[in-house]
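Dear colleague,

Please find the structure below, followed by a short account of what was found in it.

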2 protein chains.
Amino acid sequence: MADYARLLRVAKGDEPADVVIHNGTLLNVLTREEHPATVGICEDTIAYVTDPQDAHCEGRRIVDASGMWLAPGLIDSHMHIESTHATPEHLANAILPRGVTTIAQDPHEMANVLGVEGVDYMRRAARNLPLRVLTFVPTCVPAVPGLETSGAEFGAREVEALLDDPHTIGLAEVMDYWGVIRQSPRITQIVQVGRRRGVILTGHIRGVGGRDLNAYLAAGIDSDHELLNAEGIWTRSRLGMTVELPCQVHADAIPAAVEAWRQRGYLGDVVFVTDDVPPHELQREGHLDRAVRRAIALGMAPVDALRASTLVPARRLRRPDLGAIAPGRRADLLVIADLAAFALHMTIASGKIIAQDGKMTQPAERQCQPPKGALASVHLKARTREDFTLRSSAPQVQARIIAQRGRALEVHTTAVVGGSVAWHQHPEWALAAVLHRHGHNSNCGMALLSGSGLQRGAIATTYAHDSHNLVVLGRDEADMAAAANALIDCGGGYVAACDGQVQALVALPVAGLLAEQPVERLAEGFERFEQAAGRLGVAHNPIRLLTSLPLPVVPSYRLTDCGLVDVEQQALLPAFE
Amino acid sequence: MADYARLLRVAKGDEPADVVIHNGTLLNVLTREEHPATVGICEDTIAYVTDPQDAHCEGRRIVDASGMWLAPGLIDSHMHIESTHATPEHLANAILPRGVTTIAQDPHEMANVLGVEGVDYMRRAARNLPLRVLTFVPTCVPAVPGLETSGAEFGAREVEALLDDPHTIGLAEVMDYWGVIRQSPRITQIVQVGRRRGVILTGHIRGVGGRDLNAYLAAGIDSDHELLNAEGIWTRSRLGMTVELPCQVHADAIPAAVEAWRQRGYLGDVVFVTDDVPPHELQREGHLDRAVRRAIALGMAPVDALRASTLVPARRLRRPDLGAIAPGRRADLLVIADLAAFALHMTIASGKIIAQDGKMTQPAERQCQPPKGALASVHLKARTREDFTLRSSAPQVQARIIAQRGRALEVHTTAVVGGSVAWHQHPEWALAAVLHRHGHNSNCGMALLSGSGLQRGAIATTYAHDSHNLVVLGRDEADMAAAANALIDCGGGYVAACDGQVQALVALPVAGLLAEQPVERLAEGFERFEQAAGRLGVAHNPIRLLTSLPLPVVPSYRLTDCGLVDVEQQALLPAFE
């Protein structure tokens, strides 16, 4: 915090500011208007916002913002650092130049692998970065107990212990929404811990409305980031929900936001978030800046697009010191060279010019080492083709096939030859396997999947929501074993294999989730993996295909290490009827 | 708090609600729209908000709201209970039927008389009422040390001790704004206590803009309730200030609010407050309901008028559980029979039907006795006409005359006859005296005042901002003594005297500020006092005349027990040049 006495002297004009940003056009998210302004900064705090004609604006450093715009630093109120696969310091270096100065992380991927130690690592690794990182405590570790096994399990005790840390700010997305609504003991106890402490309770609820949604809100969980349509924005806002609209490439709610904004001329308390952004998308399309850019391109008033990415999330995070350019608030602000393109000249974070013209002025540094357990997190022995052979003693089976990317389940009569289910003859099918990799059991869930596009070889990852077991999808059992073994050897990551050979490999040696590498380097690896998967036939988003397959809180049919899951019923189904 | 398990069952529709308000038109302050709704309440909490067609709306009590409107309970984020002169339980009985369900009090009148004990009394007297009373800690006791002497002085230590009580929520209006801006030690230390604790810092700053206003905001004090014009609303909102607009009869900012609303079609984060409302105005015009009624009458969309009196103040008070009708929030809500007149059918507070058709269903009860010191708070001996004789040894004086209700200072040559200043010959003049009444000294500030209207007799009060000394205004020294003595005898209040006789007396025996009486009874007394003052010539607002005379934070010239104050210079001036 800035020295109080000096701050007031600078504000009053009795002492020069540290940085003066002179004569920009301020996008004022408080009043939803644009006006000329000169801003004076004292240490980490905004000291004054004044008319550019004001004569008392001396400063040690003067930034001429003539012809440019000023906006508060962007605030991402819901995101998982692990989705970028970069350790926090590398993420900071990637998103500060894009204007993101505060994020609220939910480290639940790391929690599912390493438990409390994982959350602790993510907090320590993110502390004292030039990027302000707030941390929510993961609540669904695993997402649905009994339907999957992860590396750790959180009950009320673990959550309570993590909330004791003053750097944690609330409960991360309570994804077990049926558990909340139907009052299953584990999640009910966790929610009650959060209620007792009066912290922010964040949600995740998909495809549920009416009185069930009322019950979820009555529990005090009053946000969600799963919505993609304009009418839903109003339906949920009416009930007091903070609607967090994701701006991912595969789940882009910005058009819905713009439609809702057009309907009323304002957007209410809607917030733009990133949730999950893989490194190559971050590199190509941007991070939360993508949401702003896209909303402006689709016709939203820039100041309202910024409001949804600054002031409203700051309020949601109960941080009155953030989200606006005003005296007394933290000096997180952006100098924008081209508003239509949302191209930044400068990012100032806590009063420091941290990035200029797309580059960090001083890169963020590693804050701590990963814990030992993170560097040996794939607890599996080498696999053979036998491990991926789907067996039955019957002459034929009624095989359940996960179709339409998990939205439907089909049943097909399939021959059994020599004890093996003869699924290869269906060109649209592939075999999916989810191997428990945390050393607690030897689970391997297997099921057939149609419509993946895969024609040959195999792809695999250790980053698969939310238990982060080893997911393998293949047309060939030997290639499945090769893919699995490549990841077992390197400590996790993404791989594509064919004809017994690795075609592309991204190593993520920190818990099988992250690499201590710059985002741009990770992005190249991910591009290579996607291209390799494309050559094997997966034309569209192989990453999403693998990572969402095991998530038993996304409708309607999923595969975990425990087997095939009926999400609506929250029950396991045998692979064969 | 409602039982969690039952709350969720009621929300879901598995169990009947305690109260169902069926088929009203909900004024939805979250989305700024009106829509049909049925609301279910479980204990003190809203369980659901649903479509009136919803079949699962059983309840132990059903309120048919067909043809009526539903709105959240009103929230007054800045008010002084003492201004109504009723003890908290009587205030609750007066304003709950008018729809006010939450107030944030600043008990600084009581603090100036009784110190920490006074604040403690106001908190205890307000706890467990059906009206939710939040308490800010007074910061300016007295408003400006050195320019007045009150019954107590607060430094950082007293403020810190009061903030230790979990029922206090922040610093009450920091009125010593020049002290903040110029960094005087006492107020700087107090502000820093609030900053360290991260509580809400509320302000009071009048007639100050530009860089001085920036300095005040940089200190973290980010609200004000002294503004009465539309342009100021935007100027201050732009700087991140929560603009609290008072709706008092003598300081009515609602027309400015409506003008600002018309300019933009929305009002931003503006809040309606009452600040000070005397009992007869409360009885005649209403409390915070007056603001809503007036804004609607002047053309503001009802939902936006309500938003400024519910959701926005709830946010300002950092109470996400208040301010909207939504599942999981406190069941504070109003059933409005006539929206244009803002006439209520019913007030529900914490789930209880507490008032119906203007009457309490069960009146609030006294929570505690006033402390002993409160019942003997006028520490003065009987006065004589000699005590009110303005003396000089010079043959004539250059008398300083407070004119234009304190906005100007005039100097007039005035004769001295037999050692007494012969001011009576000027028909426009009256003599003002402010007697220290707290037993710490024998101060008596005296000065001449023009334009009060007083033609004969005297009026006096022990309720005079903020030190609450005994203020007497008279045309006749004997009547001034009679007025003073009447208040000394009864423990304080308001009085009008003429020809040696008391014409009207309102006794306020609790600290010379409050009476344990219903507001309607107090209102009758105040009407009688005003009529009596009117007969003595004070045509316009004798209460305001007396109570604002000694306040050294209101421009430009004031009289305290220390003498004549130049507010801008924050200095004392002799009565004669």
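Contact here means heavy atoms within 4.5 Å. By that rule, 53 residues of chain B are in contact with 53 residues of chain A.

This is a predicted model, in which local features need pLDDT of at least 70, side-chain atom pairs count only at pLDDT 80 or more, and totals for chains, interfaces and linings use all residues. Residues are numbered from 1 along each chain as its sequence is written, chains are lettered from A and ligands numbered from 1 in the order in which they are written, and side-chain values use heavy atoms, with hydrogens and water left out.

Confidence: chain A averages a pLDDT (the predictor's confidence in each residue, from 0 to 100) of 96, and 100% of its residues score at least 70. For the complex, the predictor gives an ipTM of 0.93 and a pTM of 0.94.

The interface: chain B and chain A bury about 4,400 Å² between them, 51% of it on carbon and sulfur atoms. Buried area is the accessible area (1.4 Å probe) that two parts lose on being put together, summed over both. B:Tyr4, B:Arg211 and B:Arg238 supply 19% of the area that chain B buries against chain A, more than any other three residues.

Ten salt bridges cross this interface; a salt bridge is a side-chain nitrogen of Lys or Arg within 4 Å of a carboxyl oxygen of Asp or Glu. One salt bridge joins the side chains of B:Asp54 and A:Arg211 (3.1 Å, N to O).

Yours sincerely
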